[in-house]
Amino acid sequence: MKPFNYMRATNLHEAIGLLAHHTPNVCLLAGGTDLLIEWRRPSACTPENVIDISALTEMKGIESGNGRIVLKPLTTHAQILKSQAIIESAPLLSVAATVIGSPQIRNRGTVGGNIMNAAACADTVPPLIALNAEVVLQSESERRTLPLHELFLKPYETVARPDEILCEIRFEKLPVKARSSFIKLGRRNALSISRLSVAAVVARDEAGVITNARIVPGATFPRWRRVVEAEKLLVGEKASAELFRAAGDTVSELMIAETGHRWSTEYKEPVIAVLVQRALEQCCR
Amino acid sequence: MEKEHNIVSTQQRRVDAWGKVTGKAKFAEDYNVAHQLYGKVLRSKYPHARILRIDTSKAAQLPGVEAVLTAKDIPGSKVFGIVVKNQAILAEEKVRYLGDGVVLVAAVSKEIAEKTITLINVDYEPLPVLPDPETAMQPDSPRIHDDSPEYEFRNTFVHHKVRKGDTEKGFAEADFVIERRFKTQFIEHSYLEPEAVLAEPSEQGGVKITGSIQNLFSSRRSVATFLNLDLNKVEIIQTTLGGSFGGKDEVMTAMCCRSALLALKTGKPVKMVNSREESMLESYKRHPYVMYYKWGVKKDGRITAMEQRCIADGGAYASMSPFVTWRSVVQATGPYHCENVKTDVYAVYTNNNYTGAMRGFGSPQVNFAIESMMDELAEKVGKNPLEIRLQNGFERGAVTATGQKLEHNVSLKEVLTKAAHSSSFAKKWNDYRHQPPSPKKNGIGIACSYRGVSLGAEGTDAAGTIVSVQTDGSMIVSSGITDMGQGAQSAMSHIVAEVLGISLDRIQFLNTNTSRVPDSGPTVASRGTIMGGSAAKRAAEIVRATLLDVGSKMTGITAEALDLRENYLVHTLGETPVPPGVESGDSTSRRCKRLASFTELAAETFRRGKPMYGFGWFKSPKTSWDEEKGQGEAYFTFVYGCNVAEVEVDTQTGKVDVVEFTSVHDVGKAISRGGVLGQIYGGVAMGLGYGLLEEFDFEDGVPKHLNFDEYLIPTSMDVPPVKAIIVENEDAAGPFGAKSIGEPANEIAAPAIVNAIFNATGQRVYELPANLERVLLGHKLTRKGERGSVRKSAAETWTDASCKIRHKATDE
Ligand SMILES: Cc1cc2nc3c(=O)[nH]c(=O)nc-3n(C[C@H](O)[C@H](O)[C@H](O)COP(=O)(O)OP(=O)(O)OC[C@H]3O[C@@H](n4cnc5c(N)ncnc54)[C@H](O)[C@@H]3O)c2cc1C
């Protein structure tokens, strides 16, 4: 690991000031579970200045009220999976947090780090996009809010500037009638990167007709997004195996259209369709 | 039935447990001395290339650098090898795989040593890379070792055969023929602790090396010839080892030689430690095999002919291949009757990492093929997998493929029956064949094996253990057999404690030191307990005889009526009821009278000037081998084991979960019950990795992954509860009847799982591991070149330190 200047911020204001002062040769350190691994690589571009934000108490915690959840970025996966508010109003996010890494990683890794690292396989991102989450980026000069899916440019790249800090993630609680699911497919049952994942939300009226559907696959598209093309098929229909299979096939076709044929396509093509189908079935069980 | 034991076969603690769970155990990297330097190796840039020029001038000028050495600086032999001496300690003319060391440096700090490496310029002329053994065997392929003798085919350095009966006749008698091709993968040993040593120049010339080394005596021989030193000038001391699984042999020998050379050249201690990436890049792996199996069978399930042709990828150097493939050739047809057998096993050089010893040693590969074939045979003749094994399996008096008559208790059918019964195999197997259609399917699979114990006709097989009683009745034990975490020290301690009637806390076991114990061969082939344990028993018996003799003189009671029990010298009173007032000091209810404490007895023995030191030496019973005919008494005894795996297969994603597992092994005698269970659990977990997950993959000789982020081994969430059943048919050859368990525990899990997948899906996997793609699609998918967004291949990343675009691991 190459040497760098290490600074430990004691409050958000100080962190933002340090960012502004050192930009662009600066990087924030939260739980470090992505960064420290990355910096071990001999070819890693280690930043000159590292600001440790892990002590910022105002950046930790889950607030619930007024039909909304405000998730502070330094909240760990372990805290998310234990949160009663999340279990009740965003169960798919709770599920995603339970399947991340191992107990050690979940105790250390933060949701903010998971988002800002912007890996195609980040497990909290599909649920958060399915929750229509917004993120708040703060710098010395401005504070801006944007839908989470607009944050990402491509794997490992976001629109955030080096002087910006992610200070809030917020979303509306799922309506009581809506059901949600998250499915992760890894090569093994723990400490496993998502080969593919799917987050889904389905709301139905009394007659069982689907009124709202959201599908967000992970490790599937070059840019994170809801697959509105597949969601459209569902709205106004009643749940059925054929319907969900059609939605799955649509996601699969779009994946190939957007990523082309890769070494893994032969596998991913049928499997993403099945996972979408299963995620929708879980919502309607 | 048998004698009662106080220690042996009961639940006892491991002697190394305390240090390990409290963090007091000292692993190789924990050793530091004043003025030590840090050694580093510059490794090859190409999997196959000629070295044109090495320029170290810039590196040598860096402040803090104390030595920059190349092959030219080696005083003695530049190559080593257990059979074929051609492995470079530092490559001179050619590099043959990416892990080859080229230049050696020592500096005052790790950072400077790392920097030094980047200042060295080596010019290469890249040569064609041979990553595939079957291609390397073609006559028009270039030779990887110009001077190495070839057997029949290009780059082929081993050809072992077994010939029994007449396979042509056998196939003529057959009702049909089953012919299949199987393939296995490279496997990383995945020891927790990467390679590390500390080499110090000795006061009297020579060198002292402390490190994470499995086979100290082989490493010592190579260091001595490398440095032109007598063996008594090279002292190698084993630290507490953080795992080995067969993996800390040649790679450690190379590290020992390099650090010792640096130490002697600089006159200072030199420490070398591999990072995980360096470890994976340089260390040897388990051999991948390509196996062509052809069996002639009768409609009733009998086998009339077995023809096998196996090709082992030996990688860049011969290493243990000659021995590994020899075990394969002996065991290639399993514990099954057949009059006509023809087996050929070849080992071939390629430009991949060299392959060598790993837990199983040539058996996991062939067991996968044999046990898959057995299931295919069952399917073909309409029997269940248990029936077909019971029909064809060995019993006492059976004659093996190598013509050896099995005179010991052949417990194959016992382990098969026990495993099948305890897992409800036959019923479940039948039920799962007829399960209703569903995306998730269950399956159950069985696999069994026989395995030759210890080295067999591979070579000299003998070991020594020393028991030294102190004047206070405590005990120091040491052995030429090393403990790598497998529990050798515990097993030997349990045996000594049993023979001397003492509690385990009296024993201090010393880590192996080549200058203080006799050369006992390598600690391999599951020979620790049977060889080291037998020697320990003899050593303890020598001491016991002296102590009882002194006891007899002390008390006037004949030695025959004396015994050592629970830390006392006792007078055995036979079965007669104890008269009132006489102590009964034995919890096992054997009647006896305590005469003196063990401590008093030890002090008295010393006072009388009697030796309190016992040296036990054990040489294995005779074995034989005729290389031409491929016949002989290959091993002096065998063990038998059976595994049953139950799986759930997601037929739409290819994900396989092992949900239940039964492992039955005849160990002869469980010296350390907990130790045997530990070996069984660990063996199953490792076998599960072999069956489902692990694959050390290369692209044109370049490893695709160098750490556990991408080389996936099972986690505790992947390993099901394992039902372990220990069978004990005492064997005449071993201490208290003990045989072995280390490798047997690991060698049949994968075929049991693959057979279970077949039971669930009706699809057979012919290439390991049975990962998502193979189970779903029936074949492997290979990532070519860059991965994810901008990732370069792993090895390039680690050999080329230039700062490229940021990249990450994603499993794209
Ligand atoms: C063994 C292992 C297993 C893992 N398994 C999984 C898994 O199953 N699923 C999964 O999704 N991930 C997994 N990860 C990845 C990682 O743990 C998660 O992405 C984690 O959430 C990252 O959070 P962190 O706090 O550790 O981030 P850090 O490493 O501290 O930071 C990551 C990135 O985010 C930036 N950042 C952090 N906080 C902020 C902020 N508030 N504002 C702006 N930028 C910020 C950092 O500058 C950095 O670029 C695993 C990692 C390891 C080592």
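Reader: Where does Phe615(B) sit?
Author: Phe615(B) is in strand E25 (residues 613-619) of chain B, a strand here being a DSSP run of at least two residues, labelled E, and a helix one of at least four, labelled H or I, both numbered from the N terminus. This is a predicted model, in which local features need pLDDT of at least 70 and side-chain atom pairs count only at pLDDT 80 or more, while totals for chains, interfaces and linings use all residues. Residues are numbered from 1 along each chain as its sequence is written, chains are lettered from A and ligands numbered from 1 in the order in which they are written, and side-chain values use heavy atoms, without hydrogens and water.

Reader: Why is Phe615(B) called partly exposed?
Author: Its relative accessibility is 35%. Buried means under 20% relative accessible area and exposed over 50%, with a 1.4 Å probe and protein chains only, so a value in between is partly exposed. Phe615(B) therefore counts as partly exposed.

Reader: What makes Lys248(B) and Glu193(B) a salt bridge?
Author: A side-chain nitrogen of Lys or Arg must be within 4 Å of a carboxyl oxygen of Asp or Glu. Here the N to O distance is 3.2 Å, and the two side chains meet in a salt bridge. The partners are 55 residues apart, in two loops of chain B. Both Lys248(B) and Glu193(B) are buried.

Reader: How do you know that Asp375(B) and Arg764(B) pair too?
Author: Their N to O distance is 3.8 Å, which makes this a salt bridge as well. The two are 389 residues apart, with Asp375(B) in helix H10 (residues 363-381) of chain B.

Reader: Why are Asp375(B) and Arg764(B) called buried?
Author: Asp375(B) has a relative accessible area of 6%, so it is buried. Arg764(B) is at 11%, and therefore counts as buried.

Reader: What makes Arg433(B) and Glu379(B) a link between parts of the chain?
Author: Their side chains meet in a salt bridge at 3.1 Å, N to O. Arg433(B) lies in helix H13 (residues 425-433) and Glu379(B) in helix H10 of chain B, so the pair ties together parts 54 residues apart in sequence. Arg433(B) is partly exposed because its relative accessibility is 36%, and Glu379(B) counts as partly exposed because its value is 34%.

Reader: How many salt bridges are there over all chains?
Author: The count comes to 73. Glu134(B), Arg181(B) and Glu695(B) are among the residues linked in a network of salt bridges.
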